[in-house]
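Please read it with the coordinates open.

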Amino acid sequence: MNGVVNFVRGAYYEFTNHVTWPKWSVAQSSTVAVAVATLILAIFLYFVDMGFSELINMIYRVLKG
């Protein structure tokens, strides 16, 4: 149990004294950039998935006769 307490104390010390936290505006703009990039990637992967799905269905139809 003493090890857990020491870990929490050490983690708190690191977070309060050694971590450089970004300004709120920087954090917000970074969050928006990540959200937009994630949305674009999700849309791209959706269309790639639909394309592969159609390709697999075409292959099944050809093999089925």
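1. Surface area. The protein chain has an accessible surface of about 6200 Å². Carbon and sulfur atoms account for 72% of that surface. Keep in mind throughout that this is a predicted model.

2. Burial. What share of the 65 residues of the protein chain counts as buried? The figure is 0%. The cut-off for buried is under 20% relative accessible area.

3. Fold and overall dimensions. The protein chain has two helices and zero strands. Its radius of gyration is 24 Å, whereas the globule rule gives 11 Å for 65 residues, so the chain is more spread out than a compact globule. Along the principal axes, the C-alpha atoms fill a box of roughly 70 × 35 × 10 Å.

4. Helix α1. This helix covers residues 2-17, and G10 is found in it. G10 is partly exposed, because its relative accessibility is 31%. With a relative accessible area of 52%, V4 is exposed.

5. V4 and A27 are 23 residues apart in sequence, and their C-alpha atoms are 31 Å apart in space. G10 and M50 are 40 residues apart along the chain, with 49 Å between their C-alpha atoms.

6. Helix α2. Residues 24-64 make up this helix. It has 41 residues. From first C-alpha to last it reaches 59 Å, close to the 60 Å expected at 1.5 Å a residue. G65 follows α2, and its phi is positive, near 110°.

7. Nonpolar patch. Which residues make the nonpolar surface patch of about 730 Å²? They are F52, L55, I56, M58, I59, Y60 and L63. L63 is found in α2. Its relative accessibility is 68%, so L63 counts as exposed.

8. Salt bridge. A search of the whole structure finds one. The partners are E54 and R61, and their closest N and O atoms are 3.1 Å apart. E54 has a relative accessible area of 40%, so it is partly exposed.

9. Aromatic pairs. How many does the structure hold? There are two. F15 and W21 form a stacked pair, because their ring centres are 5.9 Å apart and their planes lie at 25°. The cut-off for stacked is under 30 degrees. F15 is partly exposed at 46% relative accessibility, while W21 is exposed at 55%.

10. The other pair. The rings of Y46 and F47 have their centres 5.3 Å apart and their planes at 75°, so this pair is edge-to-face. The cut-off for edge-to-face is over 60 degrees. Y46 is partly exposed, with a relative accessible area of 47%. F47 is exposed, at 56%.

11. Points to check on screen. Look at the E54 and R61 salt bridge. Then view the patch that includes F52 and L63. Finish with the stacked rings of F15 and W21 and the edge-to-face rings of Y46 and F47.

Notes. Residues are numbered from 1 along each chain as its sequence is written. This is a predicted model: local features need pLDDT of at least 70, side-chain atom pairs count only at pLDDT 80 or more; totals for chains, interfaces and linings use all residues. Side-chain values use heavy atoms; hydrogens and water are left out. Helices (H or I, at least four residues) and strands (E, at least two) are DSSP runs, numbered from the N terminus. The radius of gyration is taken over C-alpha atoms; the globule rule is 2.2 Å times the number of residues to the power 0.38. Buried means under 20% relative accessible area, exposed over 50%, partly exposed in between (1.4 Å probe, protein chains only). Accessible areas come from the Shrake-Rupley method with a 1.4 Å probe; for residues, only the protein chains shown count as cover. Patches are made of residues with over 30% relative accessible area and no salt bridge: like charges are joined within 9 Å, nonpolar side chains (Val, Leu, Ile, Met, Phe, Trp, Tyr) within 5 Å. A salt bridge is a side-chain nitrogen of Lys or Arg within 4 Å of a carboxyl oxygen of Asp or Glu. The expected span of a helix is 1.5 Å times one less than its number of residues. Rings of Phe, Tyr and Trp (its six-membered ring) pair if their centres lie within 6.5 Å; planes under 30 degrees apart count as stacked, over 60 as edge-to-face and the rest as tilted.
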